Amino acid sequence: APGGGRDALVKMLNDKKIATRLLFGGNLLRQPYMKDREYRVVGDLTNADIIVDRTFWIGVYPGLTTSHLDYMIEMISGSGFIGGRLLTRLLDQGHEVTALVRGDPAGRLDPRASAERIDGSASLGDIVGRAAPEVVFHVASAVVVEHSPDAIADIVQANVTFPTQLLEAMTRHGVRRFVNTGTSWQHHDGGAAYRPSNLYAATKQAFEDIAIFYNDAHGIGMANLKLFDVYGPSDPRNKVIPLLLRVLRSGEPLGMSPGDQVLDMVHVDDVVEAYLSAALWLADNPGVMATFA
């Protein structure tokens, strides 16, 4: 784990409620039990030491859902699939980018980006003040398809409280362009009316309603992008396209539904283009709030 070793990574995961356990194994000569005992060593124990110093388990059990696994993948990778792609594109275009992260950012982000820890001592207002952004992209969220009671607080914090605090910080520092990420799950029947598929979608809508206040009262322009199912290269999530590619390579059987679902797929590079276009649209339409799907 770059930037702090295993202990730093384990602490970051535990802070995000991803349970871990250390592995009892490796170089057993380092265990107290072996003190003052006779033993014989065969070969170099370098790899055994690596197991002791660097290995840990991430808990798994049959009750984990796909959304749980996607959450773990996103937290471990350091940035989401879409956010990481957008970050790289902005940096490639020569923009200065400040990424808001939880935990130690070392080794988890493109080194060309600046990073500010939102779980550190600095307030969100101070962070926004230092970064002085022209536009804020809010890509992070807590995606939980089927929530448990214990997950409610985290879902509301990530999808309602945090972005509201971000808008408040923008207000105090004169930042007036905000690109938000919504979801097609806010309209599970495919129509224009609001009909959330799950609590995640409901919290997304709740924040959009709050954002209307910041638009009316403070003139913050907001482009809200309602994304459908995103796919693309190097997608670590257990989504349909990566799943089909995996079973194609491995030859393992895949249980399928009757196939009555209708999926709207959009490539991640097209989504990144939409974020960039939304930022330009906000520059040409200051103080306007609109939704794009």
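I began with the sheet of this predicted model: four strands form an open, parallel sheet in the order β5-β6-β7-β10. I noted that β5 and β10 (289-292) stand at its edges with a single partner strand each, so one side of each has no neighbour in the sheet. Neighbouring strands are turned against each other by 15 degrees on average, direction ignored.

I then looked up the pairing of β7 (residues 221-227) with β10, and found that four bridges join these parallel strands. Alanine 223 stands opposite alanine 290 in β10.

Next I recorded the helices on the sheet. Helix α9 (residues 268-284) packs on it, touching β5, β6, β7 and β10, and its direction makes about 160 degrees with that of β7. Helix α7 lies across β6, β7 and β10 and runs at about 155 degrees to β6.

I turned to helix α6 (residues 152-172). Its 21 residues should span 30 Å at 1.5 Å a residue, and the end C-alpha atoms, 29 Å apart, agree with this. I noted a bend of about 35 degrees at alanine 158. The buried residues of α6 include Ile155, Asn159 and Val160, and α7 is among the elements that cover the buried residues. After α6 comes glycine 174, with a positive phi near 70 degrees.

Last, I examined threonine 203, which is found in α7 (residues 199-218). What does threonine 203 touch, residues up to four places away in sequence not counted? I found Ile155, Val156, Asn159 and Val160. The side chain of threonine 203 also makes a polar contact with that of asparagine 159 (3.1 Å). At a relative accessible area of 5%, threonine 203 is buried.

Key
Residues are numbered from 1 along each chain as its sequence is written. This is a predicted model: local features need pLDDT of at least 70, side-chain atom pairs count only at pLDDT 80 or more; totals for chains, interfaces and linings use all residues. Side-chain values use heavy atoms; hydrogens and water are left out. Helices (H or I, at least four residues) and strands (E, at least two) are DSSP runs, numbered from the N terminus. Buried means under 20% relative accessible area, exposed over 50%, partly exposed in between (1.4 Å probe, protein chains only). A polar contact is a pair of N or O atoms within 3.5 Å; within protein, one must be able to donate a hydrogen and the other to accept it, and residues adjacent in sequence count only if both atoms are side-chain atoms. Contact means heavy atoms within 4.5 Å. The expected span of a helix is 1.5 Å times one less than its number of residues. The bend at a residue is the angle between axes fitted to the seven residues ending there and the seven starting there. Two strands pair if DSSP finds at least two bridges between them. Axes are lines fitted to C-alpha atoms, for helices over the stretch in contact, and angles run from 0 to 180 degrees between N-to-C directions.
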